[in-house]
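Me: I have a structure open and want to talk through how the pieces pack. Can you take my questions as they come?

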Amino acid sequence: MRILVVEDERELAETLRLGLTAEGYRVDVAHDGREGLWKARTGDYAAVVLDLMLPLLNGYRVCAQLRREGITTPVLVLTAKDGDWDQAEALDTGADDYVTKPFTYLVLVARLRALMRRARGAASPLLAVGDLVLDVAARTCLRSGVAVPLTPREFAVAEVLARRPGEVVTKSEILHHAWPDEAEDLNLVEVRVSALRRKIDTAFARQSLLTVRGVGYRLVDERGEREEDAVQEPPAGGWDGAGRNSGG
């Protein structure tokens, strides 16, 4: 499982990275709020350890934005701010737990494990975009009820797109999610998207995985897209009460 640590104190961030790695987790680190928000959006994390007093974007705003976007990853706030109002604000903006510095590492890890256990029990593992359904826990894919075999990389690409249906996801975001340890070559994304499109679209005569030239890709529900296209614009003269063109 992967954990994201968002902490601007680099020595502490490295200590957390080493400690959590020793516990068997894969750990990514961000040193400011903007980077932390970007990584939390694009990565498949079991939990986020989040400082509040961050440069560029504070932890309250990071957490609030994640929740507005429907990202339910458990967030454990780790901060020197120990006031009642600070804790209340963090929890009200979407944090799941609150630990103050200085802290006991043993308790921090135990609280993280508890958060992740609760999340696994409560969160739905299914991501659906139209009749395309991904089971994140089982790592399986269905299109119209038919099983579609995907490689681990193809599934990772499909997952990051399905978590943001209809939105443009950049190649860099996809690369970071699917190839976190070798996120440099954008050609990797193009190759995997092409293979994924053949499996989930071409094989079913669909067009749900769309290319946004020069930016990235969108995964859409074709039925919704067709409905939007079918909406008629009123003619220049407008419609009369019977639905006829009243423009002469």
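Me: What is the angle for α7 and α8, and how far apart are the axes?

Reply: The two axes cross at roughly 85° and come within 9 Å. On the α7 side the contact is made by Lys 171, Ile 174 and Leu 175, and on the α8 side by Leu 188, Val 189 and Glu 190.

Me: How do the residues of that contact divide by class?

Reply: Into 4 nonpolar and 2 charged, with no polar residues.

Me: Now α6 against α7. What angle do they pack at?

Reply: About 130°, with the axes of α6 (residues 152-162) and α7 (residues 171-178) 9 Å apart. The pair is therefore oblique, and the crossing is right-handed.

Me: Which residues make the contact of α6 with α7?

Reply: From α6 they are Arg 153, Ala 156, Val 157, Glu 159, Val 160 and Leu 161, and from α7 they are Ile 174, His 177 and Ala 178. By class that is 6 nonpolar, 1 polar and 2 charged. Ile 174 also belongs to the contact of α7 with α8.

Me: And α2 with α7, how do they cross?

Reply: At roughly 70°, with the axes of α2 (residues 33-42) and α7 within 9 Å. That makes α2 roughly perpendicular to α7.

Me: Which residues meet there?

Reply: Trp 38, Lys 39 and Thr 42 of α2 meet Ser 172, Glu 173, His 176 and His 177 of α7. This contact has 1 nonpolar, 4 polar and 2 charged residues. His 177 is also listed in the contact with α6.

Me: Switching to strands. In what order do β10, β11 and β12 sit in their sheet?

Reply: The order is β10-β12-β11, in an open sheet with antiparallel pairing. β10 and β11 are the edge strands, each pairing on one side only.

Me: Which helices pack on that sheet?

Reply: α6 does, touching β10, β11 and β12, and its direction makes about 70° with that of β12. α8 (residues 187-200) packs on the sheet too, touching β11 and β12, with its direction at about 145° to that of β11.

Me: How many bridges join β10 to β12?

Reply: There are 2, between β10 (residues 169-170) and β12 (residues 216-219), and the strands run antiparallel. Val 169 stands opposite Tyr 217.

Me: And what about β11 with β12, how many bridges there?

Reply: β11 (residues 209-212) pairs with β12 over 4 bridges, again in the antiparallel sense. Val 212 stands opposite Gly 216. The two strands form a hairpin with 3 residues between them, and Gly 214 in the turn has a positive phi of about 80°.

Me: Where does β6 sit in the other sheet?

Reply: That open sheet has 4 strands in the order β6-β7-β8-β9, with antiparallel pairing. β6 (126-129) is an edge strand and so is β9 (146-147), each pairing on one side only.

Me: How do β6 and β7 pair?

Reply: In the antiparallel sense, over 4 bridges, with β7 covering residues 132-135. Val 129 has Leu 132 in β7 as its bridge partner.

Me: Which strands of that sheet does α6 lie across?

Reply: β6, β7 and β8 (140-143), running at about 110° to β7. Together with its packing on β10, β11 and β12, that puts α6 against strands of both sheets.

Me: Last one. What pLDDT does the chain average?

Reply: The average is 83, and 85% of the residues score at least 70. Over residues 227-248 the pLDDT is below 50, and that stretch has 15 contacts in the model beyond near neighbours in sequence. Where pLDDT is low, the predicted coordinates should not be read in detail.

How values were computed:
Residues numbered from 1 in each chain as written. Predicted model: local features only at pLDDT ≥ 70, side-chain atom pairs only at ≥ 80, totals over all residues. Heavy atoms only, no water. Axes fitted to C-alpha atoms, helices over the stretch in contact; angles between N-to-C directions. Parallel < 35°, antiparallel > 145°, perpendicular 65-115°, else oblique. Left-handed = near helix turned anticlockwise from the far one by under 90°. Contact = heavy atoms within 4.5 Å. Nonpolar A, V, L, I, M, F, W, Y, C, P; charged D, E, K, R; others polar. pLDDT = per-residue confidence, 0-100. Pairing = 2+ DSSP bridges.
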